[in-house]
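I opened a notebook page for this structure and wrote down each thing as I looked it up. The entries follow the order in which I went through the model.

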Amino acid sequence: MPPDAMGELRFHTLSSHWFGNTRQLRVWLPPGYTSAENQGRRYPVFYLNDGQNLFDPATAFAGVDWHVGESLVRLIGESAVPPMIVVGIDNATVERIREFLPYKALYPPVPKPLGKRYPDFLIHEIMPFIQRTYRIAKGARNIGLGGSSLGALIALYTVISRPGVFGKLLLESPSLFVSKRQLLKDSRAVVSWPQRIFLGVGTQESRQRDRDQRIVDDVRSLAHTLHLAGLRERRLRLEIQEGASHCEAAWAERFPRAATFLFGK
């Protein structure tokens, strides 16, 4: 078995001008990236929020990670997706909620959100570093963005505020209720959406029946908005998973299907 048969995970420390703090980037390279025959090859890239939760149960919330590397090794081996690079962007721990909220919120209580800086942080700090350091394929069709919960919310805000940059969008259990559903309202005016979008949500996100119904209804509302904007089956996948809750295990279970839809042929 080649030494990189399971891919390779590299770590970089990034100091941010936009947020005035430092965090880690976790860059997963696919099998064969470093081999001599692939030195001229360029790869699609998938930026995912909450990088702590993607690859390692030791750093993941509640000790459960998304198994991103293992899932992609299998999918690449099956030719379901092309070899790609995944960039896990660690959250800022105590500042996570402020960085992921673009608007003020009462629940969770965030009077001074920082999320409007996030698109610049990603596009002008993280992406140039990754493009300098790794062999990244050009064009929006080769660039994906995604996250879960508030990490999905800020991903949605980013593609709305910076149209044309990202061609793939993964939204897992997006917290659309925050800030009086402002992102749902914003989405109705959007003209240009990513080429493909995967929306995932469970029917037991909070395990409170009325609240769970509202969460699912919000995701359906976003899907309806996307449908009205012209996204049909080839561009939009909505998965409402019966019994799934708001947790890393659910997002890990859906990740192979999401990656296949977003990056598959």
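Entry 1: I began with helix H4, which has twelve residues and reaches 16 Å from its first C-alpha to its last, close to the 16 Å expected at 1.5 Å a residue. I kept in mind from the start that this is a predicted model. Next I asked how many of the twelve residues of H4 are buried. Eleven of them are, so H4 is largely enclosed by the rest of the structure. The buried residues include Leu150, Gly151, Ala152 and Leu153, and Tyr157, Thr158, Val159 and Ile160 are also among them.

For an antiparallel example I took E1 and E2 (residues 21–29), which pair over nine bridges, with Val27 in E2 as the bridge partner of Arg10. The hairpin of E1 and E2 has four residues between the strands, and in it Gly20 takes a positive phi near 65 degrees.

**Entry 2: salt bridges.** I wrote down a reminder before this search: side chains of opposite charge can pair when their charged atoms come close. How many salt bridges does a search of the whole structure find? The search finds eleven, and I followed up several of them.

In one of them the side chains of Arg96 and Asp50 meet, at 2.8 Å from N to O. This pair links distant parts of the chain, since Arg96 is in helix H2 (residues 96–100) and Asp50 is in the loop between E3 (45–49) and helix H1 (68–77), 46 residues apart. Both Arg96 and Asp50 are buried.

Another joins Arg254 and Glu172, with the closest N and O atoms 2.7 Å apart. Arg254 lies in helix H7 (residues 248–263) and Glu172 in strand E6 (residues 168–172), so the pair ties together parts that are 82 residues apart in sequence.

The salt bridge of Arg98 and Glu95 has an N to O distance of 2.8 Å. Here Arg98 counts as partly exposed because its relative accessibility is 28%, and Glu95 is partly exposed with a relative accessible area of 25%. I also noted that Glu239, Glu253 and Arg257 are linked in a network of salt bridges.

**Entry 3: a loop residue.** I returned to the loop between E3 and H1, where Ala62 is found. Is Ala62 buried or exposed? With a relative accessible area of 68%, Ala62 is exposed. The C-alpha atoms of Ala62 and Glu248 are separated by 8.3 Å, although the two residues are 186 residues apart along the chain.

**Entry 4: the whole chain.** Last, I stepped back to the chain as a whole, which has seven helices and eight strands. For 265 residues a compact globule would have a radius of gyration near 18 Å, and the 17 Å of the chain agrees with this. Along the principal axes, the C-alpha atoms fill a box of roughly 55 × 40 × 40 Å. Of the 265 residues, 58% count as buried. I finished with the contacts between residues at least 6 apart in sequence, of which 73% join residues at least 24 apart.

Terms used: Residues numbered from 1 in each chain as written. Predicted model: local features only at pLDDT ≥ 70, side-chain atom pairs only at ≥ 80, totals over all residues. Heavy atoms only, no water. Salt bridge = Lys/Arg side-chain N within 4 Å of Asp/Glu carboxyl O. Helix = DSSP H or I, 4+ residues; strand = E, 2+ residues; numbered from the N terminus. Buried < 20%, exposed > 50% of the residue type's maximum accessible area, 1.4 Å probe, protein only. Expected span 1.5 Å × (residues − 1). Rg over C-alpha atoms; globule rule 2.2 N^0.38 Å. Contact = heavy atoms within 4.5 Å. Pairing = 2+ DSSP bridges.
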